Amino acid sequence: MAEPPDEARRSLFITNTRIGDAVLTTGLLEALHAEAPDTRWTVVAGPVAAPLFAEAPFVERVIPLNKVRFSLHWAMLWWRLVGTRWATVVDLRGSAISRILPAERRFIRQSIRSDRRHKVVQAAAVIGRDSLPPEPRLHVSQATRDAMALRLPPNRLLALSPSANRIGKTWPLDRYVELIDRLTAPGAALAGWGVAVLGGAEDRPAAQQLVQALPGRAVLDFTGEPLIPTVALLERADLFVGNDSGLMHMAAAVGCPVVALFGPTDERLYGPWTQQRRVVRAVAEEVTFGPTSRTVSETHSQMLGVTVDQTFDAVSDLAASLPDRGLRPI
């Protein structure tokens, strides 16, 4: 990326730690860029989410915020930022440093636990855009798209993410196996489709179980793939199925239709931000409105109320509404 001239206006965007939360704030950054297209942005995000911003053409610098004991990471970050006179500072973490950095204007999120609006709306409210919240958007370079296209089958593609950041949000793997077996069987809704299994490197054993349990089906393991190539894959996918996770939000942000499985978390807060969606909920699971740390188990799945039949019907229904784009050019 070419260096901008010294007189370029620079602005600062401090977003969330986790991938899904960061994705849901990208529409806000996009709207601010549209207001001042010549401004170059510095983005601060958690180390796992930071790569999401690496190929946005208006982002000059991405700073991963690695936590340090006694919250010293904030002091270290301030030292890196204080030498710049910022045109705009947007802080979705509500940190103290945003109040003392030199800036022409500031938008700092206030923590309101009783705010029951979707996280996209909450982010937009920071700059007064909650009446018409901008949609999340992720950027991928053409080179990344072209490289991913060479690795994908030409037929229609289902992106599947059987993982989540906590066990409580994870639908059992054997149900995913049964679901894909039924969906891709001859005459079924996704007959002839390829399946790309997504997740972190730690999810590779589960992906391999899926591959081995479905011999003869075109199930490909993309676990451990870096975030931006994964975004490029999701751009080309025809449909996404998975738990409430960062990958679900990534899929929605690039326009991929989504079937999302929910249990202990609230889709009114964290549902996929897209019109092309189906949400399958474990009806018997009690949801307490508030931070997910209060509702999501770290020891057992709270998704057992989601049946394969429910999910099969939701996927089949959404797939039937999608245009048939046929074979993709490579």
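Thr144 lies in helix H5 (residues 142-149), where helices (H or I, at least four residues) and strands (E, at least two) are DSSP runs numbered from the N terminus. The model is predicted, with local features needing pLDDT of at least 70 and side-chain atom pairs counting only at pLDDT 80 or more, while totals for chains, interfaces and linings use all residues. Residues are numbered from 1 along each chain as its sequence is written, and side-chain values use heavy atoms, with hydrogens and water left out.

Thr144 counts as buried because its relative accessibility is 15%; buried means under 20% relative accessible area, exposed over 50%, and partly exposed in between (1.4 Å probe, protein chains only). Setting aside residues up to four places away in sequence, Thr144 touches Glu55, Ile228, Pro229 and Ala232, contact meaning heavy atoms within 4.5 Å.

An open sheet of five strands, paired in parallel, has the order S3-S2-S1-S4-S5; two strands pair if DSSP finds at least two bridges between them. Its edge strands, each pairing on one side only, are S3 (59-64) and S5 (103-108). Neighbouring strands of this sheet are turned by 15° against each other on average, direction ignored, where axes are lines fitted to C-alpha atoms, for helices over the stretch in contact, and angles run from 0 to 180 degrees between N-to-C directions. Helix H2 (residues 26-35) packs on the sheet, touching S1 (10-14), S2 (40-45), S3, S4 and S5, and its direction makes about 165° with that of S2. Helix H3 (residues 72-81) lies across S1, S2, S3 and S4 and runs at about 155° to S3. Strand S4 (residues 86-91) is joined to S5 by five bridges, the two running parallel, and the bridge partner of Thr88 in S5 is Arg105.

S6, helix H6 (residues 173-183) and S7 make a right-handed β-α-β unit, a crossover being right-handed if, with the strands pointing away from the viewer, the path from the first strand over the helix to the second runs clockwise. S7 is in turn joined by three bridges to strand S8 (residues 219-221), with which it runs parallel, and in S8 the bridge partner of Val197 is Asp221. The chain crosses from S7 to S8 through helix H7 (residues 204-213), and this β-α-β crossover is right-handed. In a regular strand the side chains alternate between the two faces of the sheet.

The structure holds three aromatic pairs, and two of them are tabulated below. Rings of Phe, Tyr and Trp (its six-membered ring) pair if their centres lie within 6.5 Å, and planes under 30 degrees apart count as stacked, over 60 as edge-to-face and the rest as tilted.

| Pair | Arrangement | Centre to centre | Between the planes |
|---|---|---|---|
| Trp78 and Trp79 | tilted | 6.3 Å | 50° |
| Trp171 and Tyr176 | edge-to-face | 4.9 Å | 85° |

Trp78 is partly exposed, with a relative accessible area of 27%, whereas Trp79 is exposed at 66%. Trp171 is buried, with a relative accessible area of 1%, and Tyr176 is buried at 0%.
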